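Me: I would like to learn how to read the features of a protein model, one at a time. Could you take me through this one?

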Amino acid sequence: MVYVDETYALLALSGRLDAVEAPRARQVFDSAPVAGASRLTIDLTDVAFVDSAGLAVLARARRDRGLTGGSVTLIRPRSDDAMRVFRLTQFDQIFVMRDSAEEEDR
């Protein structure tokens, strides 16, 4: 799922965010018009597994948006295993993480 307007993009990912899927996610993050939105929300609700490649693509998205004054917000994965990776790496402290997209101020 992708929702985009001039300043806001909401992308929903599912399945695995790993070395196989991370390059595809990066392509979506970098594609027009997503790349033009200063605020990006990435919905990880249905992501069951995250590895270092997945974390790297999220970190890059955050860095890229930060360089232009934008932001990245993550919607927490439902999977305890996926969320454990965010806690162990302290990415849950680095990123703004919400329980749902409805919490996001548009």
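Reply: Let us begin with a single backbone angle: just after helix H2, glycine 69 takes a positive phi of about 85°. Helices (H or I, at least four residues) and strands (E, at least two) are DSSP runs, numbered from the N terminus. This is a predicted model, in which local features need pLDDT of at least 70 and side-chain atom pairs count only at pLDDT 80 or more, while totals for chains, interfaces and linings use all residues. Residues are numbered from 1 along each chain as its sequence is written, and side-chain values use heavy atoms, with hydrogens and water left out.

Me: How many residues does H2 have, and what span does it reach from its first C-alpha to its last?

Reply: The expected span of a helix is 1.5 Å times one less than its number of residues. H2 (residues 52-67) has 16 residues and reaches 22 Å, close to the 22 Å expected. At the start of H2, a side-chain oxygen of aspartate 51 comes to within 3.0 Å of the backbone nitrogen of alanine 53; a polar contact is a pair of N or O atoms within 3.5 Å, where within protein one must be able to donate a hydrogen and the other to accept it, and residues adjacent in sequence count only if both atoms are side-chain atoms.

Me: Which residues of H2 are buried?

Reply: Buried means under 20% relative accessible area, exposed over 50%, and partly exposed in between, with a 1.4 Å probe and protein chains only. In H2 the buried residues are Gly54, Leu55, Val57, Leu58, Ala61 and Arg65. They cover an arc of only 165° around the axis, which puts them on the same side of H2; the arc is that of the directions from the helix axis to the C-beta atoms. An α-helix has 3.6 residues a turn, so residues three or four places apart point the same way. The face of H2 turned away from the buried side carries the exposed residues Ser52 and Leu67.

Me: What do the buried residues of H2 pack against?

Reply: Contact means heavy atoms within 4.5 Å, and the buried residues of H2 pack against E2, H1, E3, E4, H3 and helix H4 (91-94). Take valine 57, which has its place in H2 and is buried, with a relative accessible area of 6%. Not counting residues up to four places away in sequence, valine 57 touches Leu17, Ala22, Arg26 and Phe29.

Me: How should I read the strand order and the pairing of the sheet?

Reply: Two strands pair if DSSP finds at least two bridges between them. Here an open sheet of 5 strands has the order E1-E2-E3-E4-E5, with mixed pairing. Strand E1 (2-4) and strand E5 (96-98) stand at the edges, each with a single partner strand, so one side of each is left without a neighbour in the sheet. E1 and E2 run antiparallel, joined by 3 bridges, and a hairpin of 3 residues links them. By contrast, strand E2 (residues 8-17) and strand E3 (residues 39-50) run parallel, with 9 bridges between them; in E3, arginine 39 is the bridge partner of tyrosine 8.

Me: Where does serine 79 lie, and is serine 79 buried or exposed?

Reply: Serine 79 is in the loop between E4 and H3, and is buried, with a relative accessible area of 18%. A polar atom of the serine 79 side chain lies 3.1 Å from the backbone oxygen of alanine 48.
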